[in-house]
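Please look over the model below with this note beside you.

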Amino acid sequence: MAPSPRLPAGSCLQYVGGELYLEGVPVHTLAKEFGTPLFVYSKASAIGTLTSYTRGFNGHPHRIHYAMKANSNLAILQLFARAGCGFDIVSAGEFARALKAGAKPEHCVFSGVGKTASEIDYALSHGVGCFNVESRSELLLISQRALALDKTAPISLRVNPDVDAKTHPYISTGLRDNKFGIAHDEAINVYREAKELPGLQIVGIDCHIGSQITQITPFMDALERVLDLVDELSRVGIELSHIDLGGGLGIDYSGEDVPSPETLWRAVISRMKARGAGNYEVWCEPGRSLIGNAGICITKALVCKNTPEKNFLVVDAAMNDLPRPAMYGAFHEIVPATVGAGEASTWEVVGPVCESGDWIGKERSLSVSEGDLLAVCSTGAYSMSMSSQYNSRPRAAEVLIDGESVHVIRDRESVEDLWQREHLLP
Ligand code: LLP
């Protein structure tokens, strides 16, 4: 038998006798029962990473808000809510989902650069825990809406610390020229204004510098900048109770050596204590690191197409299911469900969608035949949540594995689902 392919760290995937298992369940039995493409998530992987976060805080008062944009399936939210997480939300729709899954509203933080008046009203009337305010205009609007509804809005300013997260430009958010947050230099004035405005209660400070960050340094740089502001605020009589350092910790997609959540948060807490800021509650908003490597997408090889230029392997998952390669040129490990005995060839793994941008993996060495099953790894985050029905492809089903138990957490869409909200002309 050929050697087993590399599997991403923390994924709870393993080969047993050449068969790929997620926790205690063979991948091929899932495909047989539920069809493909199929998203499968491991509870043990998600909870294992969450535990690494908790260990990192090491008893320091903290709150972990799962950034549900990474994967907002109700059962995934329920899993994190039951494990004690709050949620980072960026729309009224996300807040509604979190509440439906059993979240405590006061444990939800509302981020995002374009909150509408009706979203603010929804959040206020359901008792959201904190607004992460991203502009002066938003601050004024929240104050107005709080007055109108006779509520007090807990707020924190999302400051833009102008540090380089050293990640893909589309997912870097903490640089001066990004649309996010309030510039470091303006933050003190906006806090002063917030203090005078009615209907607001200042509770914290927030930053989020980007996503898929694979080093500790950018987080520590952002921390220093935020702590400078906290000191300045304290001097002008504005006291906060929490510091929210956002999400952004990366995962192992292709062998990256990423620090564990425990390593990162131990370093943060220790630096805060060294700077005399050990009395603040620490909040965070991780998405990808909690669920990214807990998920795979099982797909079936449809066509092996050899051309003079390349070998194309057409699979039944496409850019509508897995948009990250097309959008960011992202890499996902692609591994066989059963380790093949044959010679490996080099393949362009592509989907059936009518675009050359519809690729899943380039130059992959695989021993594969038509009908074989493959797992596209590290697809727990920003895959299903960013999926579409492009080319009128019904969305995939989702299942959650817990040891040897399998829970269907989303049914495969039917073709009728495709036009559910459309109307024919009279
Ligand atoms: N908090 C805020 C305010 C955010 O904007 C984000 C992600 C997070 C937390 C969670 O970041 P994470 O821990 O997941 O890195 N679709 C892209 C990623 C976009 C991230 C946007 N913001 C991708 O597939 O790579």
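1. Start with a term. Helices (H or I, at least four residues) and strands (E, at least two) are DSSP runs, numbered from the N terminus. With that in hand, find Ser111: this residue lies in the loop between β7 (108-110) and α5 (117-125). Keep in mind that the model is predicted.

2. Is Ser111 buried or exposed? Its relative accessible area is 5%. Buried means under 20%, so Ser111 counts as buried.

3. What does Ser111 touch? Leaving out residues up to four places away in sequence, Ser111 touches Asp88, Ile89, Val90, Asn132, Glu134 and Glu285. With Asn132 there is also a polar contact of 3.2 Å between the two side chains.

4. Now the ligand. There are 18 residues around the ligand, and Ser211, Glu285, Arg288, Arg324 and Tyr382 come nearest. Glu285 is also on the list of residues that Ser111 touches.

5. Next, the polar atoms. The side chain of Arg324 has an N or O atom 2.6 Å from an oxygen atom of the ligand. Gly248 uses its backbone: an N or O atom there lies 2.8 Å from a ligand oxygen atom. Tyr328 has a polar side-chain atom 2.8 Å from a nitrogen atom of the ligand. The ligand on its own has 590 Å² of accessible area, and the protein covers 92% of it.

6. Last, a sheet. Three strands form an open sheet in the order β1-β2-β3, with antiparallel pairing. The edge strands, β1 (13-16) and β3 (25-26), each pair on one side only. Strand β2 (residues 19-22) is joined to β3 by 2 bridges. Tyr21 stands opposite Pro26 in β3.

Technical notes:
Residues are numbered from 1 along each chain as its sequence is written. This is a predicted model: local features need pLDDT of at least 70, side-chain atom pairs count only at pLDDT 80 or more; totals for chains, interfaces and linings use all residues. Side-chain values use heavy atoms; hydrogens and water are left out. Two strands pair if DSSP finds at least two bridges between them. Buried means under 20% relative accessible area, exposed over 50%, partly exposed in between (1.4 Å probe, protein chains only). A polar contact is a pair of N or O atoms within 3.5 Å; within protein, one must be able to donate a hydrogen and the other to accept it, and residues adjacent in sequence count only if both atoms are side-chain atoms. Contact means heavy atoms within 4.5 Å. A residue is near a molecule or strand if one of its heavy atoms lies within 4 Å of it. Accessible areas come from the Shrake-Rupley method with a 1.4 Å probe; for residues, only the protein chains shown count as cover.
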